[in-house]
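Colleague: Hi! Could you walk me through this model when you have a minute? I'd like to start with the salt bridges.

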Amino acid sequence: MEKIINNQSDLDKWIAIANEYLKLNWSLIPIGQDKRPLVNWKYYQTTRADIKQILEWFKFAQFRGLAVVTGKISGIAVLDIDKGADTTDLNVPNTPTVQTGNDGLHYYFRMGNTDSLGSYTAFRKKMDFRCDGGIIILPPSIHPNGNTYKWREGKDLLTAFADIPTWLVEELKKARPSNPFDTTILRGVGEGERNASATQVIGKLLAHLPEE
């Protein structure tokens with residue numbers, strides 16, 4: 001896997017990117033190949049990394065970009081729409097929007113006074129919602145297919161953040177929040193965490209493998 005930070009110019013670019021997101025008071029984490037966090041990201045649901053910590057992440061050989069921890073810590077939520085989703089009845093306000101490396105869309109909203117919402121996987125076909133307990137990959141991170149996440153023209157961070165649409169809040173209240181799987185547990189956990197971690201792994205396997 002080719003590194004994306006190879007010289008001072010690359011490093012300066014990513015420092016500038018990180019600082020731009022830090023100005024928004026966003027909680028950032030590093031991501032690697034296959035969009036996996038390179039740290040125990042749950043820690044960053046309550047604590048924001050500073051630029052000193054982020055500089056250490058830039059040294060990771062697997063570093064492929066940054067993600068933001070959604071929800072209260074960053075004050076944002078994201079509607080994640082995969083390529084091919086039926087969007088004919090969606091009424092999404094003008095708000096910062098990312099085109100993903102796989103031609104999907106991420107619509108960013110401020111939480112405002114909205115009651116705390118969790119993260120929801122497949123609340124509609126090919127649609128997820130990321131708020132508390134979620135992360136979303138930021139531009140210009142690299143998708144596993146080699147493409148880059150990009151802010152859409154005219155809908156970058158200079159665009160005002162819209163509130164979460166009322167229709168979306170009401171629809172999510174009727175859905176079941178997902179329990180995000182923390183891939184870092186696959187690297188090993190402490191003795192007191194083994195039972196809970198094993199349960200998470202088994203649940204993940206049962207959800208994605210044929211019953212037999």
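Modeller: Happy to! A salt bridge here is a side-chain nitrogen of Lys or Arg within 4 Å of a carboxyl oxygen of Asp or Glu. This is a predicted model, so local features need pLDDT of at least 70 and side-chain atom pairs count only at pLDDT 80 or more, while totals for chains, interfaces and linings use all residues. Residues are numbered from 1 along each chain as its sequence is written, and side-chain values use heavy atoms, leaving out hydrogens and water.

Colleague: Good. How many salt bridges does a search of the whole structure find?

Modeller: The search finds 7. One of them joins the side chains of K72 and D132, at 2.8 Å from N to O. K72 sits in the loop between strand 2 and strand 3, and D132 in the loop between strand 7 and strand 8, 60 residues apart. Strands (E, at least two residues) and helices (H or I, at least four) are DSSP runs, numbered from the N terminus.

Colleague: And is D132 buried or exposed?

Modeller: D132 is buried, with a relative accessible area of 18%, whereas K72 is exposed at 57%. Buried means under 20% relative accessible area, exposed over 50%, and partly exposed in between, with a 1.4 Å probe and protein chains only.

Colleague: Which side chain does K59 meet in a salt bridge?

Modeller: That of E56, at 3.2 Å from N to O. K59 is exposed, with a relative accessible area of 58%, and E56 is partly exposed at 39%.

Colleague: Switching to strands: how covered is strand 2?

Modeller: Mostly covered: 5 of its 5 residues, 65–69, are buried. G65, A67 and V69 point one way, and L66 and V68 the other.

Colleague: Which strands pair with strand 2?

Modeller: Strand 1 (residues 28–31) pairs with strand 2 in the antiparallel sense over 4 bridges. Strand 8 (residues 135–137) also runs antiparallel to strand 2, joined by 3 bridges. Two strands pair if DSSP finds at least two bridges between them. V68 stands opposite L28, and its bridge partner in strand 8 is I136.

Colleague: Nice. How many aromatic pairs are there in the whole structure?

Modeller: There are 10. Rings of Phe, Tyr and Trp (its six-membered ring) pair if their centres lie within 6.5 Å; planes under 30 degrees apart count as stacked, over 60 as edge-to-face and the rest as tilted. W14 and F63 are edge-to-face, 5.3 Å centre to centre with 85° between the planes. That pair links W14 in helix 1 (residues 8–22) to F63 in the loop between helix 2 (51–57) and strand 2, 49 residues apart. W14 is buried at 2% relative accessible area, and F63 at 1%.

Colleague: Why do W26 and Y108 count as stacked?

Modeller: Their ring centres are 5.9 Å apart and their planes are at 15°, so the pair is stacked. W26 lies in the loop between helix 1 and strand 1 and Y108 in strand 5 (residues 105–110), so the pair ties together parts 82 residues apart in sequence. Ring pairs also link both of them with Y21, W151 and F161 into a cluster.

Colleague: Last one: which residues of helix 3 are buried?

Modeller: L168, V169 and L172. They cover an arc of only 100° around the axis, so they lie on the same side of helix 3; the arc is that of the directions from the helix axis to the C-beta atoms.
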